[in-house]
Amino acid sequence: MVVRTGVEGVRALMARATGDEKHDESSTSTLDAIWVLYDRVLHVDPADPRGETRDRFILSKGHGPTAYYAVLAAKGFFPEELLDGFLERGNPLGSHPDRNQVPGVEASTGSLGHGLGLGVGTALALRAKGLREPRVVVLCGDAELNEGSNWEAIMLASHVALSNLTLLVIDNHSSELSMEPWVARFTSFGWSAVVVDGHDHAELEAALSARSEAGPNAVVADIPEGEW
Amino acid sequence: MTDMRSQLGLTASDLVESDPRVAVVLAEISVDRFARAMRTAPDRVINVGIMEQTLVGVGAGFAMEGFHTIVHTMAPFLVERPFEQVKLDFGYQGLGGTLASVGAPYDYGTEGGTHHSPGDVALILTVPGSEVLVPGCAAELDTLLRATYANERLTYLRASVAQNDEAFDVAPGHLQVIRRGSAATVVAVGPMLTRTLAAAKGLDVTVLYTASVAPFDVVGLASVAGGDPLVIAIEPFYEGTLIPSLTEALRHVPSRFASIGVPRRFITTYGTLEEHDRELGLDAVAIRARVVSILEGRSASASP
């Protein structure tokens with residue numbers, strides 16, 4: 001199986017998964033962050049996608065998963081030929097990812113506001129197992145954070161000091177409601193938070209690799225309007 | 001007799017102690033009854049506060065990591081409020097776990113309609129593959145929880161204030177013949193048995209008992225209902241909830257069905273459980289009158 005080595009190669013893979021153009025912005029705006037995660041940050045093994053000591057990544061918003069699928073294919077979780085059959089009957093790659101059909105997918109998502117609760121439970125479960133190294137990264141969209149369930153989970157994560165949890169917000173400015181100021185909002189809930197350039201790989205890597213021992217971490221990847 | 005809510009805490013605490021793969025997620029309700037479990041394994045027994053969507057999501061997160069999760073709060077806040085989390089986080093993802101409720105259908109009757117949940121069982125049954133268990137007393141709850149907590153299915157376990165006088169050897173998918181007759185077959189569910197037996201005294205009816213709504217013992221019912229069955233369900237939830245299971249059991253035989261359960265309307269009065277039962281036609285006196293009416297070919301809908 002070919003393993004792609006650069007984000008441009010992944011972009012080429014994305015282009016093979018057609019039919020969900022309404023979510024192009026949603027998908028493309030996640031590409032750099034997901035690529036940096038899988039290329040430089042997360043400890044995952046495509047040969048053992050449910051290995052006990054792996055890091056867990058949950059694409060909470062589910063929408064526009066072609067960047068996610070392309071990265072998983074590029075890293076060898078499944079053959080890239082599956083991308084050619086995206087959305088086709090019999091192909092496991094649908095418009096929202098399914099953990100029971102796609103190797104490497106941790107959670108079946110698409111209904112907004114579910115992934116962070118699942119991520120908090122997963123992070124608590126890792127702690128209960130005594131696994132201190134694996135971390136949980138949950139990706140939410142800025143508009144997804146309109147859902148109140150996220151703010152329940154945000155309150156709980158700091159209450160139980162989940163330092164093994166990182167929330168990655170892709171802020172492509174699709175939220176009708178203003179979600180800023182991000183840092184003040186998260187720190188008021190007891191989180192560490194930083195805003196970075198959502199296309200800058202060095203900034204993304206530094207922010208996503210950092211891990212406050214005091215509690216949960218938020219990384220907001222800013223995607224300027226029109227630049228997705 | 002131990003109440004079911006306390007038994008839930010006792011049995012869950014035993015399981016937390018004996019099985020390191022058991023996790024419990026609470027939302028303030030009944031925290032005092034799980035104190036032993038919380039002391040034993042504070043990393044596996046979590047009180048999330050008052051946030052029911054996250055209650056269920058966190059439970060599913062534990063299940064994703066291989067834990068046998070017991071998620072508990074009051075029925076309307078466990079089933080109805082976070083139903084999409086139940087449906088997707090557990091059901092669609094194919095995860096097992098126990099959703100253990102108290103308070104249905106109107107156990108805490110003075111709290112009013114915001115705390116009632118007679119539709120809980122019907123709603124859970126819309127989640128494909130779910131298991132619904134309605135024990136008749138604390139001992140049965142203990143048996144059922146121990147039997148199912150690790151079976152990798154999504155199980156709804158409904159603890160009630162009302163209890164039967166006697167415990168039976170219950171199991172998922174199992175009906176028991178309590179007494180035999182010829183005019184009709186009466187199926188009592190969970191805590192409805194004692195009052196059903198009182199209601200049926202002197203009547204020529206078979207009385208069956210089950211604590212398992214799903215899976216339902218279709219073979220057991222078919223084997224005792226006879227060739228011209230009249231089946232009357234006595235249900236501690238919205239009446240008619242059990243009818244699809246009854247028709248499935250007797251699909252090869254022309255049959256008549258009737259249901260005596262909670263009427264499908266909002267209950268807007270305040271009162272005790274016993275007062276609500278009397279008002280809604282679910283005490284022994286009212287059940288007897290309705291069964292006699294059905295046997296005489298009159299309307300089954302005898303609730304006021």
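This is a predicted model: local features need pLDDT of at least 70, side-chain atom pairs count only at pLDDT 80 or more; totals for chains, interfaces and linings use all residues.
Residues are numbered from 1 along each chain as its sequence is written, and chains are lettered from A and ligands numbered from 1 in the order in which they are written.

**Contact between chains A and B**
- The contact takes 21 residues from chain A and 25 residues from chain B, two residues being in contact if their C-beta atoms, placed from the backbone, lie within 7 Å.
- On the side of chain A that touches chain B, the elements giving two or more residues are α4 (115-128) and α5 (148-159) of chain A, where helices (H or I, at least four residues) and strands (E, at least two) are DSSP runs numbered from the N terminus.
- The largest share of that side, 11 residues, comes from α4(A).
- By class, the side of chain A that touches chain B divides into eight nonpolar, nine polar and four charged residues, with Ala, Val, Leu, Ile, Met, Phe, Trp, Tyr, Cys and Pro counted as nonpolar, Asp, Glu, Lys and Arg as charged, and the others, Gly among them, as polar.

**Domains of chain B**
- Chain B is assigned domain 1 (4-159) and domain 2 (175-295), with bounds that come from an automatic or database domain assignment.
- The centres of the two domains, taken over C-alpha atoms, are separated by 26 Å.
- Between them, 24 residues of domain 1 are in contact with 23 residues of domain 2, and the elements that give two or more residues to the domain 1 side are α6 (120-124), β5 and α7 of chain B.
- That side of domain 1 has 12 nonpolar, eight polar and four charged residues.

**Helix α7 of chain B**
- Helix α7 (residues 138-148) of chain B is mostly covered, with eight of its 11 residues buried; a residue is buried if 20 or more other C-beta atoms, placed from the backbone, lie within 10 Å of its own, exposed if 12 or fewer, and partly exposed in between.
- The buried residues, including E140(B), L141(B) and L144(B), pack against α1 (4-18), β4 (97-102), β5 (131-133) and β6 (154-159) of chain B.

**Residue L242(B)**
- L242(B) lies in the loop between β11 (230-238) and α10 (243-249) of chain B, and counts as buried because it has 26 C-beta neighbours inside 10 Å.
- Leaving aside neighbours within four places in sequence, L242(B) is in contact with V187(B), V189(B), V213(B), A233(B), E235(B) and S259(B).
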